[in-house]
Amino acid sequence: MASYEFTVTVNTQYLEEQSDPGRSNYVFAYAVTIKNTGQVAAQLISRHWVITDANNHVQEVRGLGVVGNQPLLQPGEQFEYTSGTSMPTPQGSMTGEYFCVAEDGEQFEVKIPEFVLSLPRTLH
């Protein structure tokens with residue numbers, strides 16, 4: 001039986017120059033690497049993000065592809081992109097799923113592991 005599997009890793013960064021804490025606006029970038037760790041070529045069709053700020057306010061984002069792309073990944077290939085989000089608190093988290101279709105027609109979901117958005121720790 002064929003396996004359908006993508007592995008997702010995320011690195012985050014606080015964008016101080018785009019943020020305005022005085023107006024409760026904190027901007028974060030996240031760099032995502034999606035790797036086809038399965039045995040069948042598959043295409044990422046759409047995404048669903050759940051963004052939660054420190055006040056437990058949840059924002060959901062759905063859309064086609066990622067950064068205007070619907071990458072088709074052969075086994076072992078990876079796709080990297082950077083995107084961003086803003087929130088009214090200096091901490092929050094994101095999680096979600098990618099919806100994919102394999103070249104044999106099989107549809108599957110790829111869970112995006114939850115990651116934390118947070119200001120860098122400052123030492124006084």
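**Entry 1: the nonpolar core**

A nonpolar core is a set of buried Ala, Val, Leu, Ile, Met, Phe, Trp, Tyr and Cys residues that are joined through side-chain atoms within 4.5 Å. For burial I used the relative accessible area, where buried means under 20%, exposed means over 50% and partly exposed lies in between, with a 1.4 Å probe and protein chains only. I noted before starting that this is a predicted model, in which local features need pLDDT of at least 70 and side-chain atom pairs count only at pLDDT 80 or more, while totals for chains, interfaces and linings use all residues. Residues are numbered from 1 along each chain as its sequence is written, and side-chain values use heavy atoms, with hydrogens and water left out.

I then asked which residues of the largest nonpolar core touch the most other members. The core has 28 residues, and the ones I was looking for are Phe6, Val32, Ile34, Trp49, Tyr81, Tyr98 and Phe115. Two or more core residues come from each of strand 1, strand 2 (26–36), strand 3, strand 6 (78–87), strand 7 and strand 8. Helices (H or I, at least four residues) and strands (E, at least two) are DSSP runs numbered from the N terminus.

I looked up the surroundings of tyrosine 81, counting a contact when heavy atoms lie within 4.5 Å. Leaving aside neighbours within four places in sequence, tyrosine 81 is in contact with Tyr30, Ala31, Val32, Ile34, Trp49, Val66, Val67 and Tyr98.

**Entry 2: aromatic rings**

A pair of aromatic rings is described by the distance of the centres and the angle of the planes. Rings of Phe, Tyr and Trp (its six-membered ring) pair if their centres lie within 6.5 Å, and planes under 30 degrees apart count as stacked, over 60 as edge-to-face and the rest as tilted. My search of the whole structure gave nine aromatic pairs. One of them joins phenylalanine 6 and phenylalanine 108, which are edge-to-face at 5.6 Å centre to centre with 85 degrees between the planes. This pair links distant parts of the chain, since phenylalanine 6 belongs to strand 1 (residues 6–14) and phenylalanine 108 to strand 8 (residues 107–118), 102 residues apart. Both phenylalanine 6 and phenylalanine 108 are buried.

Why is the pair of tryptophan 49 and tyrosine 98 edge-to-face? The planes of the two rings stand at 80 degrees, with the centres 6.1 Å apart, so the pair falls into that class. This pair, too, links distant parts of the chain, with tryptophan 49 in strand 3 (residues 42–53) and tyrosine 98 in strand 7 (residues 91–102), 49 residues apart. Tryptophan 49 counts as buried because its relative accessibility is 3%, and tyrosine 98 is buried with a relative accessible area of 0%. I also noted that Tyr30, Trp49, Tyr98 and Phe115 form one aromatic cluster.

**Entry 3**

For salt bridges I looked for a side-chain nitrogen of Lys or Arg within 4 Å of a carboxyl oxygen of Asp or Glu, and the count came to three. Arginine 23 bridges to aspartate 20, with the closest N and O atoms 3.3 Å apart; arginine 23 is exposed at 70%, whereas aspartate 20 is partly exposed at 32%. Glutamate 60 bridges to arginine 62 at 3.6 Å between the closest N and O atoms. In the bridge between glutamate 97 and lysine 111 the closest N and O atoms are 3.9 Å apart, and it links distant parts of the chain, strand 7 and strand 8, 14 residues apart. Is glutamate 97 buried or exposed? Glutamate 97 is buried, because its relative accessible area is 15%, while lysine 111 counts as exposed at 55%.

**Entry 4: positive phi values**

Serine 24, in the loop between strand 1 and strand 2, has a positive phi near 50 degrees although it is a residue other than glycine. Valine 67, in the loop between strand 4 (58–64) and strand 5 (72–73), is not a glycine either and has a positive phi of about 40 degrees.
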